[in-house]
Amino acid sequence: MITTTDIRPSLLNRLDWRDYAIYIGFVVVFGLFAIFLAGDGFLTGTNLLNIFRQTAIISIMAVAMTFVIAAAQIDLSVGSVAGLASVVAAIAIAGTGSTWLGVLAGLGVGVIIGAVNGGLVTFLGMPSFLVTLAMLGIAFGLAQFITTSAPVPILDDTFNAIFGGGNIGPVPGLLVWTVIAVAIGAVVLAKTRYGRQVLATGGNRVAAEYSGVNTKRITFTVMLVSSVVAAVAGMLYAGRLESGRYQWGTGDELSVIAAVILGGTSLFGGAGSIIGALFGSLLIGLINNGLILAGLDNSQQQIIRGLIIIVAVALARKK
């Protein structure tokens, strides 16, 4: 006969605190900043809302990147795709006066680059690391070339209101975009057949193929969706800052990948967490905000930020 005392140890043994390391780390860092930086305005509603607003675009790209990494791939081009999409959308709006043609042009950038990335990885068997590293340079250079390094103003109030500049009631539009992206990503990854196939492809490609999973289709689609979401992120930059610039998104790929890995997604594929990626993004934003309030200069911030991320990933490392 199984007793309660028999069950409790087995349940406790199955629980691994490292599965919750991102949440524990978030609470610990938040608590430390709340104690030591309360006098510097850390706990004010405006400051906390700014943390959410400043991490929103990284969080949105992290949702798509979770699928890419869970499928044992990587996408280093998301930051440059965001910058190119922002300038293409801005140029289209300036040339046609149409909000929706601008949106379609921006999304088209994501579709084309995603299809190229996905096609090269899927059908030519090229490593996603090399393909997207090359695409990073191509997209960045193309955005710089077509704008001659100059910003392209966006005077379309509708576009600027939809993509990040406006509020829906008291809630900033960027937060609404984040909630929608996280909700869709979490449901698709955890509750749908497609999500299970992504995890199966990343966990063991051969076994997945024997099980009937079309791993090529999965690889192509995760690369495609990653670029499309990056294009949306670029338009969110453009809407928030009312201009398209090739610099928007520069370096974001590192923050996005760090957020995903901090959130518990395996760098080798087969496991992923959308909510974890969201908290990974928020933790990075929290650290950035706290270090600025603490008065540290940029070099000191870089050192401490790097150390905290290394410690967090080391603690969350699987056996």
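Predicted model: local features only at pLDDT ≥ 70, side-chain atom pairs only at ≥ 80, totals over all residues.
Close-up 1. Helices (H or I, at least four residues) and strands (E, at least two) are DSSP runs, numbered from the N terminus. Serine 86 has a relative accessible area of 0% and is buried (buried means under 20% relative accessible area, exposed over 50%, partly exposed in between, with a 1.4 Å probe and protein chains only). Setting aside neighbours within four places in sequence, serine 86 is in contact with Gly234, Ala238, Gly244, Arg245 and Trp248; contact means heavy atoms within 4.5 Å.

**Close-up 2. The aromatic pair of phenylalanine 26 and phenylalanine 279.** The structure holds nine aromatic pairs. Rings of Phe, Tyr and Trp (its six-membered ring) pair if their centres lie within 6.5 Å; planes under 30 degrees apart count as stacked, over 60 as edge-to-face and the rest as tilted. Phenylalanine 26 and phenylalanine 279 pair edge-to-face, 5.3 Å centre to centre with 85° between the planes. Phenylalanine 26 lies in helix H2 (residues 21-36) and phenylalanine 279 in helix H13 (residues 274-293), so this pair ties together parts that are 253 residues apart in sequence. Phenylalanine 26 is buried at 17% relative accessible area, while phenylalanine 279 is partly exposed at 23%. Both belong to one aromatic cluster, formed by Tyr23, Phe26, Phe30, Phe33, Phe42 and Phe279.

**Close-up 3. A stacked pair, phenylalanine 163 and tryptophan 177.** Here the rings are stacked, at 5.4 Å centre to centre and 25° between the planes. The pair links distant parts of the chain, with phenylalanine 163 in helix H7 (residues 157-165) and tryptophan 177 in helix H8 (residues 173-191), 14 residues apart. Phenylalanine 163 is buried, with a relative accessible area of 5%, whereas tryptophan 177 is partly exposed, with 27%.

**Close-up 4. The largest nonpolar core.** A nonpolar core is a set of buried Ala, Val, Leu, Ile, Met, Phe, Trp, Tyr and Cys residues joined through side-chain atoms within 4.5 Å. The largest one has 80 residues, and Met61, Met65, Leu84, Phe159 and Val222 have the most contacts inside it. Helix H3 (residues 45-70) gives the largest share of this core, 14 residues. Look for valine 222: beyond its neighbours within four places in sequence, it is in contact with Phe67, Val68, Ala71, Tyr194 and Val198.

**Close-up 5. Two loop residues with positive phi.** Serine 149 is not a glycine, yet has a positive phi of about 65°. Its loop runs between helix H6 (128-147) and strand S1 (152-153), and serine 149 is partly exposed at 34% relative accessible area. Glutamate 242, also not a glycine, has a positive phi of about 55°. Glutamate 242 lies in the loop between H11 and strand S4 (243-244) and is partly exposed, at 47% relative accessibility.

**Close-up 6. Serine 211 in its loop.** The loop between helix H10 (205-210) and helix H11 (215-241) holds serine 211. Serine 211 is exposed, with a relative accessible area of 60%. Serine 211 and alanine 200 are 11 residues apart in sequence and 9.3 Å apart in space, C-alpha to C-alpha.

Key
Residues numbered from 1 in each chain as written. Heavy atoms only, no water.
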